[in-house]
Amino acid sequence: MNTVDRPRSLLWGVYEHLAMVVGLLALAVVCLSWSPLALVLHRLLPGPLGRWLGRQAIMRGFRLYVGVLRTLCACRFDLGALDALRDQGPMVIAANHPSLLDAVLITSRLPNAVCLMKSSLMDNPLFGAGARMARYVRNDNLLSAVLSCRRELHQGAQLVIFPEGTRTLGYPGNVLNPLSRSTALIATRAGVPVQTVIIEFSSPYLGKGWPLWRKPSLPLTCRVRLGRRFDPPRDARAFTTELEAHFRAELAPPPPP
């Protein structure tokens, strides 16, 4: 039995390395193919048209990338629940954050999504030009970010935010970082509901502390499901406590039989 299993495991290990390289290269190709155009079009197109085109390009480009991961990299994604949000108007979409792929997966399904992003990513040559054209919001100044998010929400966008502020430290995903109040502040100012999204991965691949060039354990599966939708909050402190409790309950492992 060992003489049969060992070559298979060696070949699968080689495939996992190749899949990692293909996945990273595909993301770079998708982003770098759009970035020069986005840099030019952002200056030339009027605001509404540039915003619409920028978000469409991100959705379609990331959908293509997800297709590559499915076809060539033994990844299985269950993202259908997000499609129900497409035509439901402005809202804050608050998700847990187990992986670097989270924003890619969510925005690949939503045509009018805008992300609250770290400033370092907004200045990144891979993502920066496209993010600026799509009018994504920098998070380096809280007041400015809240006002910018409110403006985009009032114009009909759906704001994608990770209330933990960074990827979850720990695996499995039922480990949750403390939540910031930014989600509550934005939803309160904009007067929009907060839709929670639960992301569950079979592996800690690309999670907090995972080296970029460390191979994944394949097949990789990811399920995205909708959690509770909260009415526009009034008390930021109380809402943040309630939101964190909801995430912890949704991510808790099932009780033993």
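Is Phe230 buried or exposed, and at what relative accessibility? At 3%, Phe230 counts as buried (buried means under 20% relative accessible area, with a 1.4 Å probe and protein chains only).

A word on the ground rules: this is a predicted model, where local features need pLDDT of at least 70, side-chain atom pairs count only at pLDDT 80 or more, and totals for chains, interfaces and linings use all residues. Residues are numbered from 1 along each chain as its sequence is written, and side-chain values use heavy atoms, leaving out hydrogens and water.

Now to the rings. Searching the whole structure gives three aromatic pairs (ring centres of Phe, Tyr or the six-membered ring of Trp within 6.5 Å; planes under 30 degrees apart are stacked, over 60 edge-to-face, the rest tilted). Two of them are listed here:

| Pair | Centre to centre | Angle between planes |
|---|---|---|
| Tyr205 and Trp210 | 5.7 Å | 90° |
| Phe230 and Phe239 | 5.3 Å | 85° |

The Tyr205 and Trp210 pair is edge-to-face, and so is the pair of Phe230 and Phe239. Phe239 is buried at 5% relative accessibility, Tyr205 at 9% and Trp210 at 13%. Trp210 also has the charged end of Arg214 over its ring, 4.0 Å from the centre (the cut-offs being NZ of Lys or CZ of Arg within 6 Å of the ring centre and within 35 degrees of the ring normal).

Another arginine, Arg55, is buried at 4% relative accessibility. The Arg55 side chain makes a polar contact of 2.8 Å with the side chain of Glu152 (a pair of N or O atoms within 3.5 Å, one able to donate a hydrogen and the other to accept it within protein; residues adjacent in sequence count only if both atoms are side-chain atoms).

Note on methods: Buried < 20%, exposed > 50% of the residue type's maximum accessible area, 1.4 Å probe, protein only.
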